[in-house]
Amino acid sequence: MPKCVCRWRWLMASLVPGLAHVLALCALSSTGQGQHLPPLSAPPPDTRPAGRVPVPDVFPAPAGTQDSVPNDAVADGREGVENFPDLAAGTYQEQEKPKPRQVPLIPEPMLFDLMRPLGAERGELEVNTLVRPSIGRPATGVAWAPEVEWAFAPGHTVEVEIPFQGGHLEAFKFGLQGTFGTFRRQRSIHGWQALLERARSGKDLQLDVLHLAGHRFGQHWSLFTMQGVRFERQEAQRNIRGVFNPTVFREVSERLVLGLETNLAVGARRRTDWTVLPQAQFQWRQYSFQVGLGADRSMPNRVRPAMALRLVRTIGSSGH
C-alpha cells in the first residue's frame, strides 16, 4: 500500500474521535442538558481604610517581606515623598526665605556716633540725647542734642538731630548712612556716612563725608574707625579738614562695655582739633546709658576737660 494512503488513514483516525466529541458537547449545551463551567470566585474584600485607591499587586512581594511603599502613602500624588525631600510641601518656600544677616556686633562711639549700627535691619528706630556739660569753659549753658535715627532699608539709615546750647536752638543736622558689606569672614564690616550741619543763624555750614569700618578681634575686643573729609564754611572762610576717629572697645560683660574714643580733625598748617574720651556703656534691655570723661582741644584754645553723657532708647532692635 502506498505511504501516502497510510498517512491519510492515520490522520483521519486521529481527528474523527476528537471532532465527534466537540460536536457532542455543542449539542448538549444547546439543549440545556450539559454542564456549565463553574463561576469564578468573588474577589477578596478590601480591608484597607476608606479614601484610599486600591492598587493591584501586579508583582506581589515574596512571603516574609514588607512592601516597599509605606502603608500611609495616600493616592494624592505624594507617594515616596520621603525619598524626594525637594518635593515635600513647603520645601521651596523654606528655601526661598532669606537668611538672617550675619554682621559683627560692634559697639558705637559715644561722641561721634553712628546712625544705628552698620548692617541695621529695616524698621529699626533709635531715640537718643547727647549731653555735654561746660567744664572749664565760660558759663554758656549745657550743650545737648536730641536725635532720631531710623533704618529705612536694610543697612541704610537716616538721622535728624537738633543741637541746643542751654535753651537756645543752635543748628540743624541731617545725615545718611549706608552699609557696603562684611569681610574677614564676617568679622569686619564697613560702610559710609554723610552728615550735614547748618547753623540756625548765619550761613555757617559743615559737611562730613566718611568711610566707616568696624573690626572684631576675638570675643571681647573690637575697633571702629571713621575716616574722611570735612568741608567747613564760616562766614567768608572755607576750610577742608581730614577726619580720623578711632575707638577701641573692651566688652567686659553683656551689659558693660569700656571704650577709648579719639576724634581728630586735621586742617591746614597741621592745626589739629582733638578729643580723647575714655567711656563706659551700660546696656539694659532696650536702654543704653553712656558716660565719658576725658580732654579736648579746639584751636586756638588750650586743653580743657571734656565730659559727655548719652541716653539711648531703641525700638525694633535686631540685637546689634
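Predicted model: local features only at pLDDT ≥ 70, side-chain atom pairs only at ≥ 80, totals over all residues.
With a relative accessible area of 19%, Glu 251 is buried because the cut-off is under 20%. The link to Arg 216 also shows up as a polar contact of 2.7 Å between the two side chains. What else is Glu 251 in contact with, once its neighbours within four places in sequence are left aside? Besides Arg 216, the list holds Leu 105, Pro 107, Gln 219, His 220, Ser 222, Leu 256 and Val 257.

Arg 241 and Asp 273 meet through their side chains in a salt bridge, at 2.6 Å from N to O. Here Asp 273 sits in strand S12 and Arg 241 in S10, so the pair connects parts that are 32 residues apart in sequence. And are these two residues buried or exposed? Asp 273 is buried, at 16% relative accessible area, and Arg 241 is buried too, at 19%.

Asp 273 brings us to strand S12, so let's look at how that strand is paired. On one side of the story is strand S11 (residues 256-266), which pairs with S12 (residues 272-284) in the antiparallel sense over 11 bridges. Within that pairing, Leu 264 stands opposite Trp 274 of S12. The hairpin they make has five residues between the strands, and Arg 269 there takes a positive phi near 55°.

Follow S12 along and you come to its pairing with strand S13 (residues 287-297), again antiparallel, over nine bridges. Trp 284 has Tyr 287 in S13 as its bridge partner. How many residues lie between S12 and S13 in their hairpin? There are two, and Arg 285 in the turn has a positive phi of about 55°. When you look along strands like these, keep one thing in mind: side chains in a regular strand alternate between the two faces of the sheet.

Arg 116 and Glu 124 form a salt bridge, with their closest N and O atoms 2.8 Å apart. Arg 116 is buried, with a relative accessible area of 3%, and Glu 124 is buried at 0% relative accessibility. There is also a network of salt bridges that links Asp 113, Glu 147 and Arg 310. Searching the whole structure turns up 11 salt bridges.

Now step back to the protein as a whole. Its secondary structure consists of two helices and 14 strands. Among its 320 residues, 28% count as buried. Of the contacts with a separation of 6 or more, 45% are between residues 24 or more positions apart. The accessible surface comes to about 21700 Å², and carbon and sulfur atoms account for 61% of that.

Note on methods: Residues numbered from 1 in each chain as written. Heavy atoms only, no water. Pairing = 2+ DSSP bridges. Helix = DSSP H or I, 4+ residues; strand = E, 2+ residues; numbered from the N terminus. Salt bridge = Lys/Arg side-chain N within 4 Å of Asp/Glu carboxyl O. Buried < 20%, exposed > 50% of the residue type's maximum accessible area, 1.4 Å probe, protein only. Contact = heavy atoms within 4.5 Å. Areas by Shrake-Rupley, 256 points an atom, 1.4 Å probe, with all protein chains shown as cover. Polar contact = N/O pair within 3.5 Å; in protein donor to acceptor, adjacent residues only side chain to side chain.
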